[in-house]
Amino acid sequence: DLEPPAVGWTVLSKELPAAWRRAALPAAPVAAATPAEGGLGSVMRPQTAQVSGQPYTFYRQINFVDTKPTGLRMSSCLAAMDDCRTDLFTICDQTAESMRKVT
């Protein structure tokens, strides 16, 4: 019914080899049992509880509108970075006293 494109067909899915096994991924670290709390002077709390000594954690779900045929849209990458930055500020000390010490 359809003529093949001049550059050929693109394979979008493929069966996995029989010898392939699902790799066991390490579990995500469990946050503290206490709810997430904002820093001093912060007007909101972070998305998830942050544990001292563990990497900063920020979750973002990628939606269909954030993608294009070749991958992620640049605007969605920048929006995710900005959302992460905003969330990171919620755990900082936002009091005027601490801001006086900034040089």
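This passage describes the fold, the surface and the side-chain contacts of a predicted model.

The model is a predicted one, in which local features need pLDDT of at least 70 and side-chain atom pairs count only at pLDDT 80 or more, whereas totals for chains, interfaces and linings use all residues. Residues are numbered from 1 along each chain as its sequence is written, and side-chain values use heavy atoms, with hydrogens and water left out.

The chain contains two helices and two strands, where helices (H or I, at least four residues) and strands (E, at least two) are DSSP runs numbered from the N terminus. Along the sequence these elements follow the pattern β-β-α-α. Of the 103 residues in the chain, 11% are buried; here buried means under 20% relative accessible area, exposed over 50%, and partly exposed in between, computed with a 1.4 Å probe and protein chains only. Where contact means heavy atoms within 4.5 Å, 45% of the contacts between residues at least 6 apart in sequence join residues at least 24 apart.

Helix α1 spans residues 74–89 and has 16 residues. The distance from its first C-alpha to its last is 23 Å, close to the 22 Å expected at 1.5 Å a residue, the expected span being 1.5 Å times one less than the number of residues. The buried residues of α1 are S76, A80 and D87. These residues lie on the same side of α1 because they cover an arc of only 45° around the axis, the arc being that of the directions from the helix axis to the C-beta atoms. The buried residues of α1 pack against β2 (71–72), while M74, S75 and M81 are exposed on the other side of the helix.

The exposed residue M74 has a relative accessible area of 58% and is placed in helix α1. Together with L78 and M81, M74 forms a nonpolar patch on the surface, with about 350 Å² of accessible area for the three residues together. Patches are made of residues with over 30% relative accessible area and no salt bridge, like charges being joined within 9 Å and nonpolar side chains (Val, Leu, Ile, Met, Phe, Trp, Tyr) within 5 Å.

With a salt bridge defined as a side-chain nitrogen of Lys or Arg within 4 Å of a carboxyl oxygen of Asp or Glu, the count comes to two salt bridges. One of them joins the side chains of D83 and R60, at 2.2 Å from N to O. This pair links distant parts of the chain, since D83 is in helix α1 and R60 is in the segment before β1 (67–68), 23 residues apart. Both partners are partly exposed, D83 with a relative accessible area of 33% and R60 with 34%. In the other salt bridge, the side chains of R85 and D82 meet at 2.6 Å, N to O. Because R85 and D82 are three residues apart in helix α1, they are separated by about one helical turn. In general, an α-helix has 3.6 residues a turn, so residues three or four places apart point the same way. R85 is partly exposed, with a relative accessible area of 43%, and D82 is likewise partly exposed, at 36%.

Two further residue pairs relate positions separated along the sequence. T86, which lies in helix α1 and counts as partly exposed at 38% relative accessibility, has its C-alpha atom 9.0 Å from that of P46, 40 residues apart along the chain. R45, in the segment before β1, is exposed, with a relative accessible area of 52%. The C-alpha atoms of R45 and I91 are separated by 7.1 Å, and the two residues are 46 residues apart along the chain.

Definitions and conventions. Areas by Shrake-Rupley, 256 points an atom, 1.4 Å probe, with all protein chains shown as cover.
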